[in-house]
Amino acid sequence: MKHIEYAIVDIETTGGNASGSRITEIAIIIHDGHDIIDRFETLVNPEKEIPLPIFALTGIDNDMVRDAPLFGDIAEKVFTMLEERVFVAHNVNFDYSFVRHQLEECGYKWNARKLCTVRMSRKVRPGLRSYSLGKLCDTLDIPIENRHRAGGDADATVILFTRLMEWDTENHIPDMLKKTSKDQRLPPNLPKADFEALPGKPGVYYLRNRAGKIIYVGKAVNLKKRVASHFSGHNINPQRQHFLREIYSVSFEICATELMALLLECIEIKRLWPAYNRALKRFEPKYGLFCYEGVNGYTYLAVGKLAKHHRCIQVFNREYDGIRLLRELAHQFGLDHRLCRYGQPIPDDSAGALPDMAEHNALMDEALQSLESKRPTFAIIDKGRDASERSCVWVEKGNFYAMGYIFNDTDLNTPEDIRDSLTRYYGNHYMMQLIYAFAEKFPAKVVDMSKGNAASGDYPYDDLQHGEALFAYR
């Protein structure tokens, strides 16, 4: 078996991500598992200004790197030293992303197995207060000189690495080096046990930072595969690099179906507003149909922009859709156009006599009741998390109302019993789009809960007990 050699690397940079920042100093120490066998260290001209906060941290200023070699001048040397060796660093993905990116810019295609001394320390010496390089060195009595300089930090990392190799009586490090090891791609601060606990089932997962605050919520058909996908690939995007460094734990909630996972994801993003969720924050309608009483006593209908906490009758992604609906109502019920606002300048109410107020307001009530009558009340009944239950998503008068699980041996006799046994939620337009899309695709799973007679006790759940769907949303 070929003997493994390690390239222990530390770099200083102009910033925190490889896509927009550059290396200003690099130290590479070649280690055979017992002793140092080679070393390379140099300042690097980053070909850009070094920000003052970076100078304050590292002590490296523009004058120091002005006559230093460009990375292209040392790329061959760096590549030769790293080739066919295990890349080792403290918080390895940071250093690896910079070195790989700048080697690629110089035409060198390079991949390497990685070892993170943060993860190694967590496995070999669990339970320490902090795993930052400085705190580890204090705790483990490792001398560290020239802190925040590539050579000084690399020297300290070598001592840490050597001791961890000696202390690793349970062979954690050889396991970490296996190609199939999750440690090759997990973020440095995420415990492997958290990842291994993820099931291959639908659900919602929560990524937390060091303080335990949720920084990302996601949904998955397969929780383990989806979470793993966050850590795969070589992406130097600064947001992703910061994101990975902030992940300290992951938890999850299993859902019976993908639809329930989608809905719970929306609910949790709206509730928690996590820092790294972007996409679903944009899925909010921009326009609404409003009803209000004017100072003249007439009821008005208007289409206008929807602010965050505005209440309206119906929401729309496009102003055009709201105007079209309002025109259809005006035509169907004979509403006076002067009392309908279409998002345009307000028409002159004094141009001719307005209709009789009582008759007009009655027509407005009739128009609004017709809108409400078209909003269905139904449930989507699907498989449960196991054979003892079924899942239920409840829509009340066209709005997402609740969801949860119904046990097979439950004693629920009315639609109201079913609805009230579920967890109450407040939905939005995007969530209803998801529900309607699912209902159209799987009509046999949709049950009309508006049918039935309270006096006779004739409820659709009686037939639902036998697996019959009574209503398909069209």
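These notebook entries record what I looked up in a predicted model of one protein chain.

**Entry 1: the five-stranded sheet**

I began with an open sheet of five strands, and I noted its order as β3-β2-β1-β4-β5, with mixed pairing. I then asked which strands stand at the edges. They are β3 (36–43) and β5 (114–116); each has a single partner strand, so one side of each is left without a neighbour in the sheet. From one strand to the next, I recorded an average twist of 20°.

Strand β4 (residues 86–89) and β5 run parallel and are joined by three bridges. As one example, I found that alanine 89 has cysteine 116 in β5 as its bridge partner. Helix α5 (residues 117–124) packs on this sheet, where it touches β4 and β5. I noted an angle of about 60° between the direction of α5 and that of β5.

**Entry 2: cysteine 106**

I looked up where cysteine 106 lies, and found it in the loop between α4 (92–105) and β5.

I then listed what cysteine 106 touches, leaving out residues up to four places away in sequence: Phe71, Gly72 and Ala75. For phenylalanine 71 I also compared sequence and space. Phenylalanine 71 and cysteine 106 are 35 residues apart in sequence, while their C-alpha atoms are 8.3 Å apart.

**Entry 3: helices α12 and α16**

For my next step I kept a general point in mind: two packed helices are described by the angle between their axes and the distance between the axes. Helix α12 (residues 258–272) packs with helix α16 (residues 429–441) at an angle of about 175°, and their axes are 10 Å apart. That angle makes α12 roughly antiparallel to α16.

Which residues make the contact? From α12 I listed Leu259, Leu262, Leu263, Cys266 and Ile267, and from α16 Tyr430, Met431, Leu434, Ile435 and Phe438.

**Entry 4: helices α13 and α14**

The axes of helix α13 (residues 319–333) and helix α14 (residues 357–373) come within 10 Å and cross at roughly 125°. That makes α13 oblique to α14. I recorded the crossing of α13 and α14 as right-handed.

On the α13 side I found Leu325, Leu329 and Phe333, which meet Leu363, Glu366, Ala367, Ser370 and Leu371 in α14. The residues of this contact of α13 with α14 divide into six nonpolar, one polar and one charged.

**Entry 5: strand β10 and its partners**

I examined how covered strand β10 (residues 299–305) is, and found six of its seven residues buried. Strand β9 (residues 287–293) pairs with β10 in the antiparallel sense over seven bridges. Within this pairing, glycine 288 has glycine 304 in β10 as its bridge partner. The two strands β9 and β10 form a hairpin with five residues between them, and I noted that glycine 297 in the turn has a positive phi of about 95°.

I also found a pairing of β10 with strand β12 (residues 340–341), in the parallel sense over two bridges.

I finished with strand β14 (residues 389–396). Eight of its eight residues are buried, so β14 is largely enclosed by the rest of the structure. I checked which way the residues point: Glu389, Ser391, Val393 and Val395 point one way, and Arg390, Cys392, Trp394 and Glu396 the other way.

Strand β13 (residues 378–383) runs antiparallel to β14, with six bridges joining them. In this pairing phenylalanine 378 stands opposite valine 395. β13 and β14 form a hairpin, with five residues between them.

β14 also pairs with strand β15 (residues 399–407), in the antiparallel sense over eight bridges. Arginine 390 has isoleucine 406 in β15 as its bridge partner. I recorded a hairpin here too: β14 and β15 have two residues between them, and lysine 397 in the turn has a positive phi of about 50°.

Methods
Residues numbered from 1 in each chain as written. Predicted model: local features only at pLDDT ≥ 70, side-chain atom pairs only at ≥ 80, totals over all residues. Heavy atoms only, no water. Pairing = 2+ DSSP bridges. Helix = DSSP H or I, 4+ residues; strand = E, 2+ residues; numbered from the N terminus. Axes fitted to C-alpha atoms, helices over the stretch in contact; angles between N-to-C directions. Contact = heavy atoms within 4.5 Å. Buried < 20%, exposed > 50% of the residue type's maximum accessible area, 1.4 Å probe, protein only. Parallel < 35°, antiparallel > 145°, perpendicular 65-115°, else oblique. Left-handed = near helix turned anticlockwise from the far one by under 90°. Nonpolar A, V, L, I, M, F, W, Y, C, P; charged D, E, K, R; others polar.
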